[in-house]
Each structure stands twice: as structure tokens, then as C-alpha cells.
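Hi there,

Here is the structure I promised to pass on. Have a look at it first, and then read on for my notes.

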Amino acid sequence: LVGADWKTFKAVTANKTIDKGFRNKYFLTKSVCRLLSLLQPFEDARYRKIADKPLEMDPVFILGHWRSGTTFMHNVFSCDKHFGYNTTYQTVFPNLMLWGQPFFKKNMAFLMPDKRPTDNMELKVDLPQEEEFALANMMPYTYYNFWFFPKHMLEYCDRYLLFDNISEHEREVFKETFLKLIKISLWNTKGTQFLSKNPPHTGRVKELVKMFPNAKFIYLMRNPYTVFESTRSFFTNTIQPLKLQDISHEELEKNILSIYAKLYHKYEADKACIPEGNLIEVKFEDFEADAMGMTEHIYKALSIPGFAEARADIEKYVGGKKGYKKNKYKYDERTVQLVQDNWNFALEQWKYDL
């Protein structure tokens, strides 16, 4: 939240309980945010110069539950230079993109680790990153507010992940803010087509099709046993430095089980609104086994331009990842039972087993 604009910070934290052990962190974050927000007018003045520029092409959306391999696919596709994307720097400082970026990015690069602590994936300021973190600093209406206030996780899920209880005003702010993020991302990375990797968009397919009628969608599925273990580990570790409220491991685990089911069913219900030829569903295990061949197949299936020109860069990236060591998960009896009891619909539809 240090990179949030002041209006967003106030709205997100208003009427929320800050647990006793996190008040110093809250006041420090508030002070930094207030200070950086003084630079907002410079950013707004720069944005007005590109605000009216229309998009050349509708975006490509990589969908799927967290820990389904979306980051790897995002990195592979972003090797194609015609794509523009949200960067890691932009997720933290989306309001300091057009003005002040060189200074703040240099300092962020100095402080940031080289790899994601959760899975050893490479982490650099200019690498592609999911845009929900950026959206959370640009408006108060995002699911990722749960990182700060996990006690409201299910409430944020229904309103801002699934858009079930969202108001028209909130919906319009989302659309306006997301379009702004896309335009700044394209300007920043010099792309002509926006490449999105954002698990929360999996619950917003209907809204995205309304915004971008010819958008392309890639839906990644992965073994639910692995997804559960990996999500539980990722959420448990990532939430620690971000939260302003405590949540028990049991409650967090219960929420993960519930939200997976909600997201799965929402996507299954809404994917019919995607025009024929604009959606492809892929098992991550297949993509991982043959990233080069599967990438070419996806380009052709969705009529995405630019594969021939990007082939060499994609091959170089994929070849460089052959020695990458992933986290390995062992499923204990309790984990197996939880997944079978709560996510059996996915196991059966996608034909996954132990």
C-alpha cells in the first residue's frame, strides 16, 4: 500500500480494524503513502497526454487459479516484443510510472530479492507481473485488499473477484482504472497488444468480454492436489509482511478451499460468453512438458500474430529454464482428503489423480 494513491489508501483502510501488533506498520505505511501521493499531480498531467490514445488490439488474458503455472506462461509469451505488460515495478508504484520511475525503480531494484521466496522464480523490476497488485494501489475495489485485511477475504471475493455484489459505480471505476493501467503498461513496455496474467480475472470473464469483445483467453488448469499445497504455502508466506489483521491458518485454509470452488464455477458459467475461437484451455503439465510446441499451438489456435518473429526469443527463454528446480510437494492423507472432499468436481472434469 505504500504505492497507493492517497484516495485509495483512505478508502481501503476506512472502518477497518487494525490489529494491535500491526499498528506501527500501518502508520509507517500511511506516512510513506501520504508523502508519495504528493507527486500524483505530476503523474496525472503526464497521463492526460496518452489517455485518449485508442488500443490497437484487444488484450490476451492468461487465466487460472493461483499456482496454476500462469507466471511461467506469462514469462514465455512476454518474450514476444509486440506484447506489452504490467511490470513488477508497476505493481508496487503504479502511480509513479510516467513521472519519477527512474529514481524509484533504481531504489526498488536495490531492495528487492532476486527470486520470489515462494517458488524461486526470477524477480526483477522490469519483468512481467500480474496486474491485480497494481490495481490494488490504484483503486479500492479489488480482491487483493484481502492481503491487508484477511478477515474480509470472502467479502472481497464475492464483490471484487466474482463481481456478484459489486455496485455500478464500483464496476465503472474498475473498467476506467484497468484501461488506464493497460495504456500505461503499453507505453512503458512499448507493446502494441496487452498481455495480462491475473488470476482474479478468471472470475471476471463476462466483464472483460464486454470491455474487449475480441480479446483472447488462455485458461490454465493444473493438478488440484498441487494447486492446493502450493496455494496454501504461497498465501501463508506472502500474507505475513502485508497483513494488518491476524488470520488463523485454519481460517485461511478454509477460505482457499471455498474460493477455489467459487472461482471454478464462475469461470465455467461465464466462459460461454467468449466468442468462438477466442478461448483455449490448457493443462499446465502439457505446457510445461513442451512449452515451445504448446506456445506455437496457442498462437495458431487463437490467431495471435507475431510467433515467427518471436520464435528465437521464446526458444532462448524456454531453453534457459531447463535447469530450473521447482518446489516439490508431497501430499499427506489430510491434504488428499481435503481436495477430494472439496474439489472433486475439478478432479473429475480434468481427469487428475495422485
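Which residues point one way from E4, and which the other way? This is a predicted model, and in it Lys216, Ile218 and Leu220 point one way from E4, while Phe217, Tyr219 and Met221 point the other way. In a regular strand, side chains alternate between the two faces of the sheet. Six of the six residues of strand E4 (residues 216-221) are buried, so the rest of the structure largely encloses this strand.

Now for the sheet around E4. The sheet is open and has five strands, in the order E2-E3-E1-E4-E5, with parallel pairing. Strand E2 (83-84) and strand E5 (279-283) are at the edges with a single partner strand each, so one side of each has no neighbour in the sheet. On one side of E4, four bridges pair it with E1 in the parallel sense, and leucine 63 has tyrosine 219 as its bridge partner in E4. E4 also pairs with E5, again in the parallel sense, over five bridges; here leucine 220 stands opposite valine 282 in E5. Glycine 84 has phenylalanine 194 as its bridge partner in E3.

Helix H9 (residues 168-189) packs on this sheet, where it touches strand E1 (60-63), E2 and E3, and its direction makes about 115° with that of E3. H9 also packs against helix H3 (residues 40-47), at an angle of about 80° and with the axes 12 Å apart. The two helices, H3 and H9, are therefore roughly perpendicular to each other. Glu43, Asp44 and Tyr47 of H3 make the contact with Lys180, Lys183 and Ile184 of H9. Lysine 180 lies over the face of tyrosine 47, 5.1 Å from the ring centre.

Phenylalanine 9 is in helix H1 (residues 6-13) and tyrosine 26 in helix H2 (residues 23-37), 17 residues apart. Both phenylalanine 9 and tyrosine 26 are buried.

Ring pairs also link a cluster that includes Tyr219, Phe228, Tyr260, Trp343 and Tyr352. Over the ring of tyrosine 352 sits the charged end of lysine 283, 4.4 Å from the ring centre.

Best wishes

How values were computed
Residues numbered from 1 in each chain as written. Predicted model: local features only at pLDDT ≥ 70, side-chain atom pairs only at ≥ 80, totals over all residues. Heavy atoms only, no water. Pairing = 2+ DSSP bridges. Contact = heavy atoms within 4.5 Å. Axes fitted to C-alpha atoms, helices over the stretch in contact; angles between N-to-C directions. Buried < 20%, exposed > 50% of the residue type's maximum accessible area, 1.4 Å probe, protein only. Phe/Tyr/Trp six-rings, centres within 6.5 Å; stacked < 30°, edge-to-face > 60°. Lys NZ or Arg CZ within 6 Å of the ring centre and 35° of its normal. Parallel < 35°, antiparallel > 145°, perpendicular 65-115°, else oblique.
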